[in-house]
Amino acid sequence: MSGTTNRLLIRASDATSWVMCIRRAWFDKHQPITEVKPDAFMQFLFEAGLAHEASVLKRLSEQYLVCRANSAEHTLELMEQGAQVIYQGRLVDSEMNLIGYPDFLIRNENGLYQAADVKLSLSENKKTTQIQLGVYRRLLKNDLPAIVYLGDNRIAQLTGDDVDVSVDQFLASMKQLITDAQPPTVRYSYSRCETCPYINRCLPEFVRKEETSLLYGVDGNMADQLAQIDISTISQLAKSDAAFIPDLPHLRNERKKTRAIVQAQSYLTGKIFQLEPIALPEGIWIHFDIEDDPMTNSRVRHVYLWGFLVPSYTKTSFEYVWSDNESNDYQGWISFLQKIEDYRHRYTSIVIAHYSNHEKATIKKYAQRYAMGNDKTVAWLLGDESPLYDLQKPILNSLILPIQRYGLKDICKNPNLVNFQWENDESGSQWSVVQFKKFQSESDLTIKNFIKETILSYNRDDVTATRKLEMWLRELSQRNDFID
Ligand code: SF4
């Protein structure tokens with residue numbers, strides 16, 4: 001198939017880019033980047049997806065005669081012959097320039113085929129999956145629901161008017177994108193642009209235009225509404241007066257308006273602004289961070305590491321609870337609660353500091369999972385006198401920083417802010433999950449222990465980072481030379 005013909009085709013898989021960003025879908029068709037090296041987590045997901053597909057293939061092969069298709073013509077032949085299950089079929093509608101590659105085509109008792117795909121989960125990229133499967137249904141020209149074989153062994157069926165509306169929008173938009181000579185104009189969005197292969201093409205343009213959605217707290221909708229009142233650039237926003245900005249659907253209260261303006265000033269000047277005094281709780285601080293695995297067989301998150309940094313906050317002050325696998329999840333949880341009780345006895349008046357709500361939310365989920373809401377340690381951790389303290393709160397409440405994201409690493413790694421560097425530059429929560437999976441599958445004890453050490457070292461750096469952040473905030477709360 002020639003490059004031009006290829007470009008004119010709409011593939012069901014184009015939905016992946018299209019749902020993320022229509023500009024990305026345009027680049028895919030007109031100026032694609034073909035050499036994209038997936039990061040370790042994406043590679044892990046890819047391999048887990050292949051393994052899941054192989055297990056579904058095995059299961060279906062035990063029940064039916066499965067025929068593998070090798071072309072669109074071969075798929076049609078197999079369908080005409082009434083093959084029970086067709087693996088890797090190719091469906092084409094040349095009038096619509098539409099093509100789809102369902103993982104399986106399954107013949108029902110009426111001789112009609114249902115498309116089926118294998119997905120690890122539906123929660124992520126649900127819209128993409130709906131459109132892909134909706135396109136298969138169009139190509140099959142029947143109304144049978146499409147099937148999804150999920151990673152936790154559940155089978156979902158997709159159908160409905162909503163899906164048809166999304167498919168219509170996708171097809172009309174893709175037709176237009178294929179014809180357009182220039183990429184569509186879209187707003188910058190950190191969450192979708194950060195991992196996009198075309199970031200180096202788009203970001204300079206966003207920066208040159210001083211796109212307001214480059215700012216923390218300003219999303220595309222807010223940027224559109226600001227543009228309607230002639231605030232289209234970061235400089236214009238920085239010079240604005242909150243009192244004269246009307247209430248907008250995505251920018252209603254005075255505080256939010258002030259934050260957006262000061263964030264624009266911080267972006268332009270690199271300055272830290274303090275809006276309110278920083279008040280940190282008194283007590284003995286213990287820094288706390290968890291590592292959890294969302295890719296369990298049951299898809300229920302399993303905390304494999306509960307990590308702590310205790311006084312005197314040196315490398316040797318790192319303590320932890322480790323849980324090898326999902327089957328000893330409960331023992332890990334109980335050991336965590338015992339450790340909390342140990343700290344209660346060891347120190348008077350403790351503050352258990354963590355960054356963001358994830359740790360507290362996880363404790364709540366574990367309390368529900370094991371029906372332990374009335375346990376005295378759990379009740380203390382989650383009650384009115386809770387020692388848990390989210391260090392992100394004083395930052396969000398009191399400070400405006402010259403950065404795009406207020407994550408722990410964004411603040412701590414920045415040389416102009418906390419300036420704490422992780423020993424392993426590649427490490428992160430997804431990296432940790434990949435290492436944990438390697439740990440679980442490794443049979444050589446020496447290698448296994450080495451992997452565990454690297455995960456512990458990463459977690460120790462995380463809790464050390466929150467300690468450094470605490471110290472930085474304490475210092476900042478004493479100073480006033482930067483306050484405008
Ligand atoms: S970098 Fe952002 S705007 Fe550009 S194509 Fe990717 S997602 Fe779209």
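**Close-up 1. The loop that holds Ser 312, between β12 and β13.** In this predicted model, Ser 312 is found in the loop that runs between strand β12, residues 302–309, and strand β13, residues 318–322. The peptide bond that joins Pro 311 to Ser 312 is cis, with an omega of about 15°.

Close-up 2. Most residues other than glycine have a negative phi.

**Close-up 3. The ligand in the largest cavity.** A search of the whole structure finds one cavity of 30 Å³ or more, and the largest cavity holds about 80 Å³ of space. The ligand sits in this largest cavity, and the residues around the ligand are Cys 21, Arg 23, Arg 24, Val 186, Arg 192, Cys 193, Cys 196, Ile 199, Cys 202 and Phe 206. Two or more residues of this shell come from each of the helices α3 (22–30), α8 (190–193) and α9 (199–208), and α9 gives the most, with three residues. By class, the shell around the ligand has seven nonpolar residues, no polar ones and three charged ones.

**Close-up 4. The lining of the largest cavity.** Among the residues that line the largest cavity are Phe 27, Tyr 198, Cys 196 and Cys 202, and the elements that give two or more residues to this lining are α3, α8 and α9. The lining divides into nine nonpolar residues, no polar residues and three charged residues.

**Close-up 5. The second largest pocket.** About 410 Å³ of space lies in the second largest pocket, which is lined by 21 residues, and of these the closest to the centre of the pocket are Phe 44, Met 295, Asn 297, Lys 437 and Gln 440. Helices α4 (40–63) and α18 (429–441) each supply at least two residues of the lining, with α18 giving the most, namely six residues. The lining of this pocket has seven nonpolar, eight polar and six charged residues.

**Close-up 6. Thr 129 in helix α6 and Ser 398 in helix α16.** Thr 129 lies in helix α6, residues 126–140, and has a relative accessible area of 3%, so it counts as buried, for which the limit is under 20%. Leaving aside neighbours within four places in sequence, Thr 129 is in contact with Lys 119, Leu 122, Val 148 and Leu 158. Ser 398, found in helix α16, residues 392–398, is buried too, at 3% relative accessibility. With neighbours within four places in sequence again left aside, the contacts of Ser 398 are Phe 273, Gln 274, Leu 275, Glu 276, Pro 277 and Ile 278. Ser 398 and Lys 409 are eleven residues apart in sequence, and their C-alpha atoms are 19 Å apart in space.

Methods. Residues numbered from 1 in each chain as written. Predicted model: local features only at pLDDT ≥ 70, side-chain atom pairs only at ≥ 80, totals over all residues. Heavy atoms only, no water. Near = heavy atom within 4 Å. 1 Å grid on protein atoms, 1.4 Å probe; cavity = no way out; pocket = protein on both sides within 12 Å on 5 of 7 lines; lining within 4 Å. Sits in = over half its atoms within 2 Å of the grid points. Helix = DSSP H or I, 4+ residues; strand = E, 2+ residues; numbered from the N terminus. Nonpolar A, V, L, I, M, F, W, Y, C, P; charged D, E, K, R; others polar. Points joined across faces, edges and corners; volume = space filled by probe spheres on them. Buried < 20%, exposed > 50% of the residue type's maximum accessible area, 1.4 Å probe, protein only. Contact = heavy atoms within 4.5 Å.
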